[in-house]
Amino acid sequence: MMLLRNLKFALDSAWQSFWRNLAVSLAAVVSITLILILAGVNLLVGHAFSQVLDGFRAKVSEMSINVADDTPLSTVYAFRDQLAADPRVQNVQFVTKDEALAQFIADPNNAQLTQQIEGNPLDAKLQVRVRDLTDVAAIDSVARQWPGVDPTDPTNYQGDFVTRMLQLSSWLGLAGAGLMAILVVVSVVIVMNTIRTAVYHRRKEIEVMKLVGATEWFVRGPFVIEGVMTGLIAAAIALSLLVISYPEVVSKFSADITFIPLSYDPSFISSLARDLMVGGGLLGALGSYIGVRRYVRL
């Protein structure tokens, strides 16, 4: 019962303090909203790049091993089984020369070339999908050492592109983490200053509470709740703006830059909402706790 009364007192005090220092509270909400918008944009951009990189990964993780025309089928099947047994390989499919030509003709991008070719200049091939992008180079090395490979055009492996993709993925992760760390620090400082102002305005009330024997958390509780309240309000505003603008931005971007496989992902909204609301509440709690701990001497 005592706990409920203390909680009610903390909630009432936090709400009254928020409205009593409305100008400062609104300034903090606006500042944290802008920061959380940047954080949300960072998450959305990171998710968009992940979508694009996943699309490229799916393409690059599948390589073609061209088979020389004079290679016996028994040799091809033996090598196919060898690759299928490799734990780094997800699946292997043998495509004959006729099937390769049929696939080439079926591609509308090859319509003009189809009219110019005579016979079947295409090689039979082994389509290999590798489990991990970092293993593509190793499988390419195995393929080039196989006696049945076409020596003039062994594989379609693009080593430089794979290396750049892995480097880009790593740099994007580091840049996103660095930006989030900066935003967290700035948010905590803003909440600290807001709570510091609230503490200053209520310094006499706090002194009276201390004199009558109020516990440490009885004094600090309302300020921590006020910080959480500020963070949650800012997170709700930031989330609303991001949810409204996200599909329109993706639609316009996809229409203007068609060669990048970017699409609207509604399932990511729930993850974004969770991250922003939890992040806003935690930032408010952390900033207010540090602010109270520093400026309320019990």
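These legends describe an overview and several close-up views of one predicted model.

In this predicted model, local features need pLDDT of at least 70 and side-chain atom pairs count only at pLDDT 80 or more, while totals for chains, interfaces and linings use all residues. Residues are numbered from 1 along each chain as its sequence is written, and side-chain values use heavy atoms, with hydrogens and water left out.

**Figure 1. Overview of the protein chain.** The protein chain holds 10 helices and 3 strands. Helices (H or I, at least four residues) and strands (E, at least two) are DSSP runs, numbered from the N terminus. Along the sequence the pattern reads α-α-β-α-β-α-α-β-α-α-α-α-α. Of the 298 residues, 37% count as buried. Buried means under 20% relative accessible area, exposed means over 50%, and partly exposed lies in between (1.4 Å probe, protein chains only). The accessible surface comes to about 17,100 Å², by the Shrake-Rupley method with a 1.4 Å probe; for residues, only the protein chains shown count as cover. Carbon and sulfur atoms account for 63% of that surface. Among contacts between residues at least 6 apart in sequence, 82% join residues at least 24 apart. Contact means heavy atoms within 4.5 Å.

**Figure 2. The three strands, with β3 paired to both β1 and β2.** Two strands pair if DSSP finds at least two bridges between them. β1 and β3 are antiparallel and share 6 bridges. N66 has K125 of β3 as its bridge partner. M63 stands opposite V128 in β3. β2 and β3 also run antiparallel, joined by 6 bridges. Here V89 has V130 of β3 as its bridge partner. In β3, 6 of the 7 residues are buried, so this strand is largely enclosed by the rest of the structure. β1 is mostly covered too, with 5 of its 6 residues buried.

Figure 3. Helix α3 covers residues 73-85. At 1.5 Å a residue, its 13 residues should span 18 Å, and the end C-alpha atoms are 18 Å apart, which agrees. The expected span is 1.5 Å times one less than the number of residues. V76, F79 and L83 of α3 are buried. They cover an arc of only 70° around the axis, which puts them on the same side of α3. The arc is that of the directions from the helix axis to the C-beta atoms. S74 and A85 are exposed on the other side of α3. The buried residues of α3 pack against β1 (62-67), β2 (89-95), β3 (124-130) and α6 (136-145).

Figure 4. V136, I139, D140 and A143 are buried in α6. Their arc around the axis is only 105°, which puts them on the same side of α6. T134 sits in the loop between β3 and α6. Its relative accessibility is 49%, so T134 counts as partly exposed. T134 and S61 are 73 residues apart in sequence and 9.0 Å apart in space, C-alpha to C-alpha. T155 lies in the loop between α6 and α7. T155 counts as buried, at 7% relative accessibility. T155 and S64 are 91 residues apart in sequence, yet their C-alpha atoms are 5.5 Å apart in space. Leaving aside neighbours within four places in sequence, T155 is in contact with M63, S64, I65, N66, D140, A143 and R144.

**Figure 5. The largest nonpolar core and a second, separate core.** A nonpolar core is a set of buried Ala, Val, Leu, Ile, Met, Phe, Trp, Tyr and Cys residues joined through side-chain atoms within 4.5 Å. In soluble globular proteins, nonpolar side chains tend to be buried together. The largest core has 25 residues, of which I32, L36, L44, L242, L272 and L276 touch the most other members. Two or more residues each come from α2 (22-60), α7 (159-201), α9 (216-256) and α10 (267-295). α2 gives the most to this core, with 8 residues. A second, separate core of 20 residues includes V60, V67, F94 and V136.

Figure 6. T33 has its place in helix α2. At 7% relative accessibility, T33 counts as buried.
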